[in-house]
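Let's take a walk through a protein together. Have a look at the sequence and the 3D view, and turn the model around slowly before you read on.

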Amino acid sequence: MIIKYNAPAVLTFTMICAVIMFLSETLIPNLNLAWFMVPGRGNFNIGNIRNWVTLFTHICGHGNWFHFFSNFMLILLIGPMLEENYGSRRLLLMIVITALVTGVLNVILFTSALMGASGVVFMMILLSSFTNFSRGEIPLTFIFVLVLYLGTQILEVFNSEVNNISYFAHIVGGLCGSFFGFWRPPKRSN
């Protein structure tokens, strides 16, 4: 038996984020703050190239190892299945689009900064409910996942204290996953 690099987009994304986390925790303490956290409204400087870069890279930065592990346990669980069904390039494109959409909306709507891959996690959760459907159908699993995952996030927005969790990024990521699922069925659609 050999070890296979079975999900190149997911595994490479995970390893890049792990290296960034390691570097920001050891050798370069402000790395996450400088390059992997998109500023919020009022702090985004359109003349600063770094701010534009962080619209994409904020998904690679994490506040601590617990934040990293909680995101990547799900990404590594769901991501390979999605990559097999949608292909590496398509999944990578979906990750990049989700990063951009959550980053831009955060800059427009919130004063707080945004960091982490939880929007990508929720994109993958909702997208996974589309892996076995045909055009013209709405999978019942999608409806249940939508109600359970996004419903709890919407409730958390109104019920939680300030805790540095961007429920909005979760919701937007889930909406991106829903859009991708309807827009682009898996390669091996029934």
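What follows is a tour that begins inside the protein and ends on its surface.

Please keep in mind that this is a predicted model.

Let's begin in the interior. In soluble globular proteins, nonpolar side chains tend to be buried together. Here, the largest nonpolar core contains 38 residues. Try to find Phe 13, Ile 59, Ile 75, Val 120, Met 123, Met 124 and Leu 127, which have the most contacts inside this core. Several helices take part: helix 1 (8–25), helix 4 (65–86), helix 5, helix 6 (118–128), helix 7 (140–159) and helix 8 (167–183) each provide at least two of the core residues. Helix 6 gives the largest share, with eight residues. There is also a second, separate core made up of six residues, among them Val 38, Val 107, Leu 114 and Ala 169.

Which residues does Ile 59 touch, once those up to four places away in sequence are left out? They are Phe 13, Cys 17, Ile 95, Ala 99, Gly 116, Ala 117 and Val 120.

Now let's follow helix 5, which runs through residues 88–109. With 22 residues at 1.5 Å each, helix 5 should span 32 Å, and its end C-alpha atoms lie 31 Å apart, so the two values agree. Part of this helix is hidden: Leu 91, Met 94, Ile 95, Thr 98, Ala 99, Thr 102, Gly 103, Asn 106 and Val 107 are its buried residues. As you read those numbers, look at how they are spaced. An α-helix has 3.6 residues a turn, so residues three or four places apart point the same way. What covers the buried residues of helix 5? The cover includes helix 1, helix 3 (49–57), helix 4, helix 6 and helix 8.

Phe 56, Leu 92, Val 96, Leu 100, Val 104, Ile 108, Leu 109 and Phe 110 form a nonpolar patch on the surface, and together they have about 610 Å² of accessible area. Helix 5 contributes the most to the patch, with six residues. Leu 100 counts as partly exposed because its relative accessible area is 30%, which falls between the 20% and 50% cut-offs.

Let's finish with a few single residues. Leaving aside neighbours within four places in sequence, Ser 118 is in contact with Asn 71 and His 170.

Gly 136 lies in the loop between helix 6 and helix 7, and is exposed, with a relative accessible area of 87%. Although Gly 136 and Phe 182 are 46 residues apart along the chain, their C-alpha atoms are separated by 9.0 Å.

Back in helix 1, you can find Met 15 and Glu 25. Met 15 is partly exposed, with a relative accessible area of 43%, and Glu 25 is partly exposed with a value of 43%. From Met 15 to Cys 60, the distance is 45 residues in sequence and 9.9 Å in space, C-alpha to C-alpha. Glu 25 touches Gly 63, Asn 64 and Trp 65, not counting residues up to four places away in sequence.

Methods:
Residues numbered from 1 in each chain as written. Predicted model: local features only at pLDDT ≥ 70, side-chain atom pairs only at ≥ 80, totals over all residues. Heavy atoms only, no water. Patch = residues over 30% accessible without salt bridge, like charges linked within 9 Å, V, L, I, M, F, W, Y side chains within 5 Å. Areas by Shrake-Rupley, 256 points an atom, 1.4 Å probe, with all protein chains shown as cover. Salt bridge = Lys/Arg side-chain N within 4 Å of Asp/Glu carboxyl O. Helix = DSSP H or I, 4+ residues; strand = E, 2+ residues; numbered from the N terminus. Buried < 20%, exposed > 50% of the residue type's maximum accessible area, 1.4 Å probe, protein only. Core = buried A, V, L, I, M, F, W, Y, C linked by side-chain atoms within 4.5 Å. Contact = heavy atoms within 4.5 Å. Expected span 1.5 Å × (residues − 1).
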